[in-house]
Every structure is written in C-alpha cells, then in structure tokens.
Amino acid sequence: MTSESAPAGHNADSGPAALRARVREVVAGYPHSHRAFADRIGLDATKLSKSLTGVRRFTPVELTRIAEIGQVTVNWLINGRDDAETVAAAPRRAARPPERTGGDRYQQILDAAWELIAERGFHAVRVADIAEACGVSAAAIHYHFPGRDDLLTEALRHSVRQAFDRQVAELHSIDDAHQRLLRLVELQLPESPGLRREWSIWLQVWNESALRPELRGLHGDSYTRWHDTIERTIRQGQQQGVFTEGDADELAVRLTALIDGLGIGVLTGRPERSVQRMRQVLHDFIGRDIVGEGMAGTATQAPDDHWS
C-alpha cells in the first residue's frame, strides 16, 4: 500500500472518520483474519471492532502497530499523506519501507537485522546471524541487502520511521506546545528496551559517519528531521505565548545537543547519569531557557493525559 494507491475518495482529511476508514483499508489488506490482525496489535477482536466503529479511540501504541503491520505511516493513517504537515517533521527519505517483492520477508529481515545490530554492534553481526534469526538462507539476505552497508543504512531509516510514527501518534492530539515539548523529551529518553535499541543504532551511525563521509548525507537528513521537529514545536510555543521569544533554531540546537550528550551518558553507563537525571536536566533547561523564568514553575509538570 503506497501513498499513490490510497483510495480515490481519500484526501488529507485528519478527522476521526477518515482515520477509521484508512485503518479499515489496512485491515482489509491483511492476509489473515480480523482476529489475527487484532492479536498482532495487542487487542482483542471486540476492541478492534469498537475502534473501527468509533466507540473507542485507537491508542498511540495501537496506531503505531497498525502502521507497522500495514507498511504505512502513522501520518498517512491520521492525515491522509506521508508528507502531510503535522506535529513532527517528516523524514526526507524513505518515509515507508521500500516496495519490494516479498515485502513481508523484507520486513522480517530488516526487523531482525535492526535488533541484532542494536544489541551486538554493526561489525559483530554476520549475514549468517540474520539468516538464522529469520530462518532463511544467506542468499535471501543478500537479495534484499546486497552489501553490509545496506544493512546499516536501512537500520537507520527504520529507526527514523519508528521515531516519526511514534511522535505523530503520541503528539497529534496535544495542542499545547509546552506539553508537546515535554512529551517529545519523554519519547526520547532511553528508558524502554526499544528506545535503548534506537539509541544504540544512532550511536553506531554517528561513529560510522565520522569515519566514512559517504554515510553523512543520510545521517544529516535524519538528524535534520529531529531538529526540525523540536524547532517547529518551539516556534508554535512562541506563537501561543507559552515560550519566551528567542531564536528557535538556536534553542533547538542547544536542546538537541543536550539530549544527545545526556543520552550518551546513560547508554554508556556513566556514574550518576540515569534516565531520571536526564529527564530533570532537560526539564530544567526547558523551564529556564525556553519557557522563560517567569513561567518556569510549570516546566517540570508532565502532561497528565499522555504521560506514561
């Protein structure tokens, strides 16, 4: 399913009915039963039916899983287009996995490669390891990923797509830019196993890009997407009057650099560099430098309806 193959009657409508229609299209394209699809996203079939009829709302985690299974983006599910203007900047390259023969097998291989690279390190993962994890031949791996570099670049794209989907799913219903920025910070903390693996991929890409200029274009585009998401949130907060006036680009540079440095400290196990301290330092920076001293008293308040 691609942007071009979206139903003729669909546009960038972001209303609940349009969202449900697009989810129904994903479900209809699933090769197994309605119940099997519900199981894949962690729901029982009754709850899925209630969500499809509007009795209950899909949670952010469910939307992310639906997008993953359907090989679409959360942005398409919610807004009708992969590149629709939304709460997070869209990836500049490959918002969706590439269309290939045997798409399910490609995704299975990519998922396995992503996890193995994150857990063992790029240079420690062999094609044979990925083949064993997927139960396929080494030739099948080479068919989808002709060279080792393809594994790393697609692992990065996979991480970027995951982050984009997660941000759109979690943030699209948060109108207040201050609360959205706090939630963005929370979504970046290397606390869960999945987020620690994303951070591991980024650490390895940073290292490889420093040594190999040919990787810097993709890395730069991917990092720009993250910077732009922070910057547009700061600009919106300034327009709403909840953030102090200032250079939004410069504030985004400082905040992203702070997140990177603190995250590296957590991932590498530096003493006194915990996720809790990382969160507090980032909240303090937002309160002091972005909200402004006059409003800093609310800087560390989490958005109650969205925090987890």
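1. Let's start inside: the lining of the largest cavity divides into eight nonpolar residues, four polar ones and four charged ones. Nonpolar here takes in Ala, Val, Leu, Ile, Met, Phe, Trp, Tyr, Cys and Pro, charged takes in Asp, Glu, Lys and Arg, and the others, Gly among them, count as polar. This is a predicted model, where local features need pLDDT of at least 70 and side-chain atom pairs count only at pLDDT 80 or more, while totals for chains, interfaces and linings use all residues. Residues are numbered from 1 along each chain as its sequence is written, and side-chain values use heavy atoms, with hydrogens and water left out.

2. Staying with that cavity, its volume is about 210 Å³, and the structure holds three cavities of 30 Å³ or more. Its lining counts 16 residues, with Ala163, Gln188, Glu198, Trp202 and Trp226 nearest the centre. The elements giving two or more residues to this lining are helix H9 (148-171), helix H11 (193-211) and helix H12 (216-240). On a 1 Å grid over the protein atoms alone, a cavity is a set of points where a 1.4 Å probe fits but cannot get out; a pocket is an open set with protein on both sides within 12 Å along at least five of seven lines; lining residues have an atom within 4 Å of a point. Points are joined across faces, edges and corners, and a volume is the space filled by probe spheres set on them.

3. Now the largest pocket, at about 800 Å³. It is lined by 33 residues, and Thr64, Gln162, Arg166, Gly194 and Glu198 are the closest to its centre. H4, helix H6 (103-120), H9, helix H10 (177-188) and H11 each give two or more residues to the pocket lining, and H9 gives the most, with seven. By type, the pocket lining has 11 nonpolar, eight polar and 14 charged residues.

4. Helices (H or I, at least four residues) and strands (E, at least two) are DSSP runs, numbered from the N terminus. Of the chain's 308 residues, 51% count as buried, meaning under 20% relative accessible area, with exposed over 50% and partly exposed in between (1.4 Å probe, protein chains only).

5. Which residues of H3 are buried? They are Ala45, Leu48, Ser51 and Leu52. These sit on the same side of H3 because they cover an arc of only 120° around the axis, taken from the directions from the helix axis to the C-beta atoms. They pack against H1 and H2, a contact being heavy atoms within 4.5 Å.

6. H1 (residues 16-29) spans 20 Å from its first C-alpha to its last, close to the 20 Å expected, where the expected span is 1.5 Å times one less than the number of residues. Its buried residues, Ala18, Leu19, Arg22, Val23, Val26 and Val27, pack against helix H2 (34-40), helix H3 (45-53), helix H4 (60-70) and helix H5 (74-79).

7. Two loop residues deserve a look. Most residues other than glycine have a negative phi. Gln71, in the loop between H4 and H5, has a phi near 55° and is partly exposed at 21% relative accessibility. Glu272, in the loop between helix H13 (248-267) and helix H14 (275-291), has a phi of about 65° and is exposed at 64%.
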